[in-house]
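Biologist: Could you walk me through this model, and tell me what lies behind the terms you use?

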Amino acid sequence: MTFLCSIAARRVKIIRPESNGGTFGFMWRGGVQGLVSGDVRLPVCYNRTHSRGQHTEATPSAEVDVKRLDGEDTGIVEVVMRRHKARNALGHVFISQMREIITSLSCDTASRVVIFRSMVPGVFCAGADLKERAAMNNISADSFVHRLRTLMTDIASMPMPTIAAMDGAALGGGLELALACDLRTAAYSAQMGLIETTRGLLPGAGGSQRLPRLVGISLAKELIFTGRRVGGQAALGLGLVNQATEQNQTGDAAYTEALSLAREILPQAPVAIRLAKEAMDRGIEVEMTKAMAIERLCYSMVIPTRDRQEGMAAFLEKRKPNYTGE
């Protein structure tokens with residue numbers, strides 16, 4: 001198995017665990033970013049910061065778009081879902097536009113936190129587009145779900161923290177999208193559920209794997225077997241979301257909570273945050289000895305950074321650090 005860590009702004013390490021579970025070796029590769037794990041290869045790109053104007057304005061045909069915040073919020077990016085007529089259903093165009101955006105953001109070191117939100121009132125994402133699905137034969141359906149599963153893997157593999165703001169229904173694939181994010185916020189009125197068994201299916205875009213890892217196997221089985229929907233307050237109690245709140249008059253209470261979380265993350269050292277995410281995401285999938293080796297390697301990558309030096313200097317000088325992501 002090989003890991004290629006796309007963390008630092010200008011460099012990447014390739015980690016090769018020994019087959020006997022021994023020590024990790026690594027090598028440097030300048031200018032390249034990407035991730036490789038086993039047979040899964042995620043987007044690889046040369047280090048660059050994408051244009052500030054890219055995807056910042058919605059086009060008439062855009063079902064998914066990007067908004068980059070500015071001022072004190074520079075570094076926070078919103079992935080905005082706006083397929084109004086179909087309640088953000090996961091159709092071909094929607095998936096293609098989302099994948100293009102995720103690939104772009106994953107290679108952008110200026111993007112420090114990403115919030116997924118909906119502009120469709122009362123809906124985060126209603127799941128698969130059943131009208132499109134009904135026209136597919138068995139082979140096409142399997143290919144489509146594989147494409148959707150790959151999209152969720154790409155979202156989960158984004159190097160920066162991601163937050164799903166659920167101000168409305170997140171059902172089936174919609175909840176799977178939220179589960180692919182690092183953090184989740186919800187309005188009490190939002191309804192969430194992996195409801196595929198009520199349609200003769202099972203969660204096929206990562207839900208059967210990510211939900212048990214989040215809430216535990218027994219509870220995940222109960223929720224999936226029953227196809228149960230839960231509100232935001234219940235989801236908070238189950239550990240399905242990080243924060244939940246009463247909906248406000250403008251219908252964006254979960255987004256407001258997500259933005260508050262993003263603002264807490266934003267001042268912290270971006271390289272350290274990306275490496276912390278890498279250590280946790282990789283470490284949770286292996287036994288403890290290998291997990292500790294992954295942590296050690298990620299920690300060693302922080303040591304030579306300017307951000308670490310800035311953090312130490314700011315502590316000694318009793319001031320706030322100014323991290324640059326280097």
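This is a predicted model: local features need pLDDT of at least 70, side-chain atom pairs count only at pLDDT 80 or more; totals for chains, interfaces and linings use all residues.

Biologist: What makes something a pocket and not a cavity?

Modeller: On a 1 Å grid over the protein atoms alone, a cavity is a set of points where a 1.4 Å probe fits but cannot get out, whereas a pocket is an open set with protein on both sides within 12 Å along at least five of seven lines.

Biologist: Which residues line the second largest pocket closest to its centre?

Modeller: Lining residues have an atom within 4 Å of a point. There are 27 of them, and Ala128, Leu130, Arg133, Glu196 and Leu201 are the closest to the centre. Helices H2 (130-134), H3 (138-156) and H4 (173-179) each supply at least two lining residues, with the largest share, four residues, coming from H3. Helices here are DSSP runs of H or I with at least four residues, strands are runs of E with at least two, and both are numbered from the N terminus.

Biologist: Why is H9 called roughly antiparallel to H10?

Modeller: H9 (residues 270-283) and H10 (residues 288-302) pack at an angle of about 170°, with axes 9 Å apart. Angles run from 0 to 180 degrees between N-to-C directions, and axes are lines fitted to C-alpha atoms, for helices over the stretch in contact. Over 145 degrees counts as roughly antiparallel, so that label goes to H9 and H10.

Biologist: How do you know which strands are at the edge of the six-stranded sheet?

Modeller: Two strands pair if DSSP finds at least two bridges between them. The open sheet has the order S8-S9-S10-S12-S14-S17, with mixed pairing. S8 (64-68) and S17 (243-245) each pair on one side only, so they are the edge strands. Five bridges join S8 to S9 (residues 76-81), and these two run antiparallel; Val64 has Met81 in S9 as its bridge partner.

Biologist: What makes S15 and S16 a pair?

Modeller: Two bridges join S15 (residues 191-193) to S16, and at least two are needed, so they pair. Gln191 stands opposite Gly231 in S16. Both strands belong to an open sheet of four, ordered S11-S13-S15-S16.

Conventions
Residues are numbered from 1 along each chain as its sequence is written. Side-chain values use heavy atoms; hydrogens and water are left out. Angles under 35 degrees count as roughly parallel, over 145 as roughly antiparallel, 65 to 115 as roughly perpendicular and the rest as oblique.
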